[in-house]
Amino acid sequence: MEAWGFAPPWICPLSTHRPTVYRKPEAEESIRKAITELCRRPGFVLGPDTDRLQGENRGGPPSRRYLSALGQRNAARRWSEVLLRQLQAAR
């Protein structure tokens with residue numbers, strides 16, 4: 001980071017939900033709380049909440065995919081919004 005002359009923040013998404021692999025809502029909620037708490041500290045920024053992408057955004061159980069093609073596009077859109085805000089704030 002010294003070579004860059006600045007220290008970019010770590011962007012941490014709320015991305016804990018993996019319904020095709022496991023179903024542990026209590027554990028997922030604990031992880032979400034930990035990520036949110038971490039992002040209150042300097043050097044960390046809360047990223048997109050990809051857990052909110054449900055339904056047709058998810059890969060089906062036989063595929064064990066985290067996100068469908070639509071979900072990947074929607075997640076990318078959410079990421080781009082967060083990154084754009086960060087770039088604008090850095091001006």
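Helices (H or I, at least four residues) and strands (E, at least two) are DSSP runs, numbered from the N terminus. The model described here is predicted, so that local features need pLDDT of at least 70 and side-chain atom pairs count only at pLDDT 80 or more, whereas totals for chains, interfaces and linings use all residues. Residues are numbered from 1 along each chain as its sequence is written, and side-chain values use heavy atoms, with hydrogens and water left out.

The chain contains two helices and two strands, which follow the pattern β-α-β-α along the sequence. Its C-alpha trace spans about 45 × 25 × 20 Å along the principal axes. Of the 91 residues, 29% count as buried; buried denotes under 20% relative accessible area, exposed over 50%, and partly exposed the range in between (1.4 Å probe, protein chains only).

Helix H1 comprises residues 25–38. Its 14 residues reach 20 Å from the first C-alpha to the last, close to the 20 Å expected at 1.5 Å a residue, where the expected span is 1.5 Å times one less than the number of residues. Glu28, Arg32 and Ile35 are the buried residues reported for H1. Seen down the axis of H1, these buried residues fall within an arc of 65° and therefore line one face of the helix; the arc is that of the directions from the helix axis to the C-beta atoms. The face turned away from the buried side of H1 carries the exposed residues Glu26 and Lys33.

Helix H2 comprises residues 69–89. With 21 residues, H2 reaches 30 Å between its first and last C-alpha, close to the 30 Å expected. Gly71, Asn74, Ala75 and Val82 are buried in H2. They cover an arc of only 105° around the axis and so lie on the same side of H2. Arg73 and Leu87, on the other side of H2, are exposed.

Helix H2 also gives the most to the lining of the largest pocket, with four residues. A pocket was identified on a 1 Å grid over the protein atoms alone, as an open set of points with protein on both sides within 12 Å along at least five of seven lines; a 1.4 Å probe was used, and lining residues have an atom within 4 Å of a point. The largest pocket holds about 190 Å³ of space, a volume being the space filled by probe spheres set on the points, with grid points joined across faces, edges and corners. Its lining consists of Phe6, Pro8, Pro9, Ile11, Leu83, Gln86, Leu87, Ala89 and Ala90. Eight of these lining residues are nonpolar, one is polar and none is charged (Ala, Val, Leu, Ile, Met, Phe, Trp, Tyr, Cys and Pro count as nonpolar, Asp, Glu, Lys and Arg as charged, and the others, Gly among them, as polar).

Strand S1 spans residues 10–14 and includes Leu14. Leu14 is buried, at 7% relative accessibility. Although Leu14 and Leu46 are 32 residues apart in sequence, their C-alpha atoms lie 7.7 Å apart in space.

A search of the whole structure found zero disulfides, a disulfide being a pair of cysteine sulfur atoms within 2.5 Å. The sulfur of Cys39 is 4.1 Å from the closest cysteine sulfur, in Cys12, which is too far for a bond. Both cysteines are buried: Cys12 has a relative accessibility of 14%, and Cys39 has a relative accessible area of 15%.
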